[in-house]
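Let's take a walk through this one together. Have the sequence and the 3D view open, and follow along residue by residue.

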Amino acid sequence: MTQKVAVLGTGKIGEALLSGMIGSGWAPADLLVTARRRERADELRARHGVTPVTNAEAAKNADTLILTVKPQDMGTLLDELAPHVPADRLVISGAAGIPTAFFEERLAPGTPVVRVMTNTPALVDEAMSVISAGTHATAAHLTHTEEIFGAVGKTLRVPESQQDACTALSGSGPAYFFYLVEAMTDAGILLGLPRDKAHDLIVQSAIGAAKMLRDSGEHPVRLRENVTSPAGTTINAIRELENHGVRAALIAALEAARDRSRELASGTKD
């Protein structure tokens, strides 16, 4: 791995990506970083051995630029980068809701752009990263992007038209599970358990259920039916979930997340 990769706007996800890449065999000397604060840049150098640079230096010296700033800051960053990014640079965007066309219009004609929607489990190397090619990105660019993001979890290629749906399911997905665990923990307390014990019970159950979903090859309906005995405790709980419209609420929530992703793509910031 001799290509230089620069992570611009290195926050928590950007740092997780750096850590994963180094753990997968990338040499720290081949990794460049930019950060808004000098203290943050020095921290990244001390922790990972990477080289802090300016945005302009990253654009000039790196073969691949990974842009991890917030969506509302992306236009300003591109204005700064555009004079320095040759058309042979691969630009990878991790900004929610911003289409590849937004970058292609602001960079040199022919610049390959790949859009990636990852999620916070990148912090524990269990991310789901969804990858889409822009107009000028080739299969080789997609493979290179998979090599990078594969260092922190699983990757999946989709057409860019499906990115908003993937953002709703996967990009925001961890928050839904955290919300569910929070609610179940409160229920455990209501049922008489100490908070710490309720938390441990739920988290381990979630980990076990996730591994069964991933490794068994069974449909989730079949796995649920295996736990659901006639006239038992589980079916009574499922009935209450259905009575309260939990399934419909989840569908509506995911549609709302998808719609917000589309608003971001159209430039809506409110």
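Does Ser-93 count as buried or exposed, and what is its relative accessibility? Keep in mind that this is a predicted model. Ser-93 sits in strand β5, which covers residues 90-93. Its relative accessibility is 1%, under the 20% cut-off, so Ser-93 counts as buried. Leaving aside residues up to four places away in sequence, Ser-93 touches Leu-67, Met-74, Phe-103, Val-114, Arg-115 and Val-116.

Pick Phe-103 from that list of contacts. The structure holds one aromatic pair, and Phe-103 forms it with Phe-102 in an edge-to-face arrangement, 5.7 Å centre to centre with 80° between the planes. Phe-103 is buried at 1% relative accessibility, whereas Phe-102 is partly exposed at 22%. Arg-106 lies over the face of Phe-102, 3.6 Å from the ring centre.

Now go back to Val-114, another contact of Ser-93. In soluble globular proteins, nonpolar side chains tend to be buried together. Here the largest nonpolar core has 25 residues, and Val-114 is among those touching the most other members, along with Met-21, Ile-66, Ile-92 and Ile-148. Elements that each supply at least two residues of this core include β1, β5, β6 and α6, while α1 gives the most, with four. A second, separate core of 21 residues includes Ala-59, Leu-65, Ile-98 and Val-113.

Methods. Residues are numbered from 1 along each chain as its sequence is written. This is a predicted model: local features need pLDDT of at least 70, side-chain atom pairs count only at pLDDT 80 or more; totals for chains, interfaces and linings use all residues. Side-chain values use heavy atoms; hydrogens and water are left out. Buried means under 20% relative accessible area, exposed over 50%, partly exposed in between (1.4 Å probe, protein chains only). Contact means heavy atoms within 4.5 Å. Rings of Phe, Tyr and Trp (its six-membered ring) pair if their centres lie within 6.5 Å; planes under 30 degrees apart count as stacked, over 60 as edge-to-face and the rest as tilted. A charge sits over a ring if NZ of Lys or CZ of Arg is within 6 Å of the ring centre and within 35 degrees of the ring normal. A nonpolar core is a set of buried Ala, Val, Leu, Ile, Met, Phe, Trp, Tyr and Cys residues joined through side-chain atoms within 4.5 Å.
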